[in-house]
Amino acid sequence: MAYDEGLAQRIREHLGAPDHITEKRMFGGLSFLCGGNMAVGVIGDELIVRVGPDGAAAALSRPGARVFDFTGRPMHGWVAVAASALAEDAALHGWLDQGHGYALGLPPK
């Protein structure tokens, strides 16, 4: 599965290039890891965001968000966000900051 390179570039531009951020091909897309923990990713034209179990309900109430179920089984603490909800930079940046912030709070791998 290909991923939206334009969305990946927007993510790179927002996250910058700190030493703790790495990119890795995963799930047929591209993932951005923080200290070795996945924070956000791109699969197709959707953004995948790690929001954590406590942030899932609020995240799912936001426009374009749905449960991430890559394998047909829901991944708790993760959401997929439709491309249509990411047109504005402010919306994308909010998701990126949430995923990055969650991953920063995890022990480095």
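Predicted model: local features only at pLDDT ≥ 70, side-chain atom pairs only at ≥ 80, totals over all residues.
**Entry 1: layout**

I started by reading the elements from the N terminus on, and they run α-β-β-β-β-α-β-β-α. That gives the protein three helices and six strands. I took helices (H or I, at least four residues) and strands (E, at least two) as DSSP runs, numbered from the N terminus. Residues are numbered from 1 along each chain as its sequence is written, and side-chain values use heavy atoms, with hydrogens and water left out.

**Entry 2: overall dimensions**

I looked up the radius of gyration, taken over C-alpha atoms, against the globule rule of 2.2 Å times the number of residues to the power 0.38. For 109 residues a compact globule would come out near 13 Å, and the protein has 12 Å, so the two agree. Along the principal axes, the C-alpha atoms fill a box of roughly 30 × 30 × 25 Å.

Next I checked the surface, with accessible areas from the Shrake-Rupley method (1.4 Å probe; for residues, only the protein chains shown count as cover). The total is about 5700 Å², and 56% of that belongs to carbon and sulfur atoms. I also noted that 40% of the 109 residues count as buried. My cut-offs are under 20% relative accessible area for buried, over 50% for exposed, and partly exposed in between (1.4 Å probe, protein chains only).

For contacts I used heavy atoms within 4.5 Å. Of the contacts with a separation of 6 or more, 57% come from residues 24 or more positions apart.

Charges got a quick look: the mean positions of the 9 positive and 12 negative charges are 9 Å apart. Lys and Arg count as positive and Asp and Glu as negative, with His and the chain ends not counted. I placed each charge at NZ of Lys, CZ of Arg, CG of Asp or CD of Glu.

**Entry 3: the nonpolar cores**

Which residues touch the most other members of the largest nonpolar core? I found I11, L47, V49, V81 and W95, out of 26 residues in that core. The elements giving two or more residues to it are α1 (5-15), β2 (29-34), β3 (37-43), β4 (46-50), α2 (56-60), β6 (78-81) and α3. Apart from it lies another core, of six residues, including M38, I48, F68 and A80. By a nonpolar core I mean a set of buried Ala, Val, Leu, Ile, Met, Phe, Trp, Tyr and Cys residues joined through side-chain atoms within 4.5 Å. In soluble globular proteins, nonpolar side chains tend to be buried together.

I then listed the contacts of W95, leaving aside neighbours within four places in sequence: V40, L47, V49, V51, A59, R62, A65, V79, V81 and L86.

**Entry 4: helix α3 and what follows**

I went to H100, which sits in helix α3 (residues 89-104). Is H100 buried or exposed? I have it as buried, because its relative accessible area is 19%. Beyond four places in sequence, H100 touches L15, H20, I21, C34 and A39.

A91 is in helix α3 too, and with 25% relative accessible area I logged A91 as partly exposed. Outside its four-place neighbourhood, A91 touches R62 and A85. From A91 to K109 I get 18 residues in sequence and 29 Å in space, C-alpha to C-alpha.

G105 lies in the segment after α3. At 63% relative accessible area, G105 is exposed. Its C-alpha is 12 Å from that of G36, 69 residues away along the chain.

G16 is in the loop between α1 and β1 (21-26), and it counts as partly exposed at 37%. G16 and H100 are 84 residues apart along the chain, with C-alpha atoms separated by 12 Å.

S31 is in strand β2. I logged S31 as buried, since its relative accessibility is 1%.

L60 is in helix α2 and is partly exposed at 34%. Its contacts beyond four places are A65, R66, V67 and V79. I also took the C-alpha distance from L60 to A80, which is 9.0 Å across 20 residues of sequence.
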